[in-house]
Amino acid sequence: MAGIPILSIMLALPMAAALLCLFVDAANARRIALGATLIDLALGILLWIAFDQGAGAPQWQFVEHVPIFGRFAWALGIDGISLMLIMLSVFLMPICIGASWQAIEKRVPEYMAAFLLVEVLMIGTFAAQDLFLFYIFFEAGLIPMYLIIGVWGGARRIYASYKFFLYTLLGSVLMLIAMLWMAQEAGTTDIPTLLNHDFPVQAQTWLWLAFFASFAVKVPMWPVHTWLPDAHVEAPTAGSVILAGVLLKLGGYGFIRFSIPMFPEASSELVWLVLALSAVAVIYTSLVALVQTDMKKLIAYSSVAHMAIVTIGLFAFNRQGLEGAMIVMLSHGLVSGALFLCVGVIYDRLHTREIARYGGLANNMPRYALLFLLFTMASIGLPGTSGFVGELLSLMGAYQVSTLATLLCTTGIILGAAYMLYLYRRVVFGALDKEDVAAMPDLSRRELWLLAPIAAVVLWMGVYPESFLAPMRADIGTLVARVDRARPAGDSHLVAGAPAAPAAEAHGSTH
């Protein structure tokens, strides 16, 4: 692997395929898109196998650096955190192409090209090692997604795509200004160098808020989450899969890569803000999900609640919280993607997402009912599925910082069980008294091929999470050591009635 620019190849391949798609007919565009995404998946697996997890391994691997002009450089490289998010991206992309195989009949070559462009920009965002290169990839991801919703979406697609674009763009303008100041102050745009640069404490708060404006919208955190249900409802099925699966993770990645390590004092000072917004998000969006009549909207609101568990884990400043947040991000990417695919399966048959139109699918679609049950349970966080591991670690980490926030967020898990099981009961059980529902066929071979790999990985992550935690362990250790000086004291000592211990001693066991 030495000397091969594998990250550049992973970016160039879907880019070339996207251009090629524009010059061929619909059938060939589908084949080219599927082929390119499968090759990228194979390269991703190769990347994972070749990634050095040994004790003396360098933090940044597969590094490429080509100066372009001034401080700007084509700089790519990954650590364990980037590796797992790139793997999530390349795993979901062929599934998205497969989900669009028959569902999309209008302007197929352009649709496939847009999806391949999304893949390029997602991988680029996770691999970028230059501040401005990261910004270009991070922001450019809006454009193909805007087109996917606006051209191939539902009845209110124009409204939804404009709302998505404006919300996410607005926050990012502030981030760009902050980046320009950081490059000027530190004298470099190299992200690994900036990760170890100590910015003035008085400037950190402003920089943190500027980055927060962008990342909070992307996650999305309450109250800037309102674009998400609209975008999900109007997006085509594969658009929803990639939006929930990977694009929401860009915000979480931004927090773990920039906000926390670069501005540790400001992160510690404003941790109350993140915990408060996350606690509100978990409870409020769970209650809103309970009263939804549209399946996609229900799953969209559940995404906001799950991503709030990510943010409390990230800002716990300890190993359990950070590892838990990463596992929740990976798990949510798989599970919510699979749930949107499950909705797409029955939408293709009946062309409605109204929960009340269905019932009794366990009788005529038993395979579908079984897979839908697995993903419902993973969403709730049943032990043995991927959802449990991440939520448990996140809440354990958050408990060391705030018992109240942890208590509030834990109620969200109970509410999560309520709305997901309520959805499942209404769709899968009950009387099969509608003729058109009774005539719906079970999963086709193509649909099984889309859902089975996700089901396998959800169980693998639930039963043996170590294979997903191991590549990230050293990098999370580095991050914990970096922010240790600013770690919030926490309030867990109040519960035990013991005197407050210094933060470093109280949580020394987390290293």
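In this tour, a residue is called buried when its relative accessible area is under 20%, exposed when that area is over 50%, and partly exposed in between, using a 1.4 Å probe and protein chains only. The structure is a predicted model, in which local features need pLDDT of at least 70 and side-chain atom pairs count only at pLDDT 80 or more, whereas totals for chains, interfaces and linings use all residues. Residues are numbered from 1 along each chain as its sequence is written, and side-chain values use heavy atoms, with hydrogens and water left out.

**First stop: H351**

Select H351. This residue is exposed, with a relative accessible area of 57%. H351 sits in the loop between helix 16 and helix 17 (361-364); helices here are DSSP runs of H or I with at least four residues, numbered from the N terminus. Next, display D348: its backbone oxygen lies 3.4 Å from a polar atom of the H351 side chain. This is a polar contact (a pair of N or O atoms within 3.5 Å, one able to donate a hydrogen and the other to accept it; residues adjacent in sequence count only if both atoms are side-chain atoms).

**Second stop: T385**

Move to T385, in the loop between helix 18 (366-380) and helix 19 (386-399). Is T385 buried or exposed? T385 is buried, at a relative accessible area of 3%. Its side chain reaches the backbone oxygen of L382 at 2.6 Å. Beyond its neighbours within four places in sequence, T385 is in contact (heavy atoms within 4.5 Å) with L374, M377, A378, V458 and G462.

Select A103, I104, W152, P236 and Y347, which are the closest to the centre of the largest pocket among its 21 lining residues. A pocket is an open set of points on a 1 Å grid over the protein atoms alone, where a 1.4 Å probe fits, with protein on both sides within 12 Å along at least five of seven lines; lining residues have an atom within 4 Å of a point. The space in this largest pocket is about 400 Å³. Helix 6 (142-152), helix 10 (227-234) and helix 16 (319-350) each supply at least two lining residues, and helix 16 gives the largest share, four residues.

**Last stop: the cysteines**

Select C21, which is buried at 0% relative accessibility. A disulfide is counted when two cysteine sulfur atoms lie within 2.5 Å, and the count here comes to zero. For C21, the nearest cysteine sulfur is that of C96, 15 Å away. Finally, select C409, also buried, with a relative accessible area of 0%.

Terms used:
Points joined across faces, edges and corners; volume = space filled by probe spheres on them.
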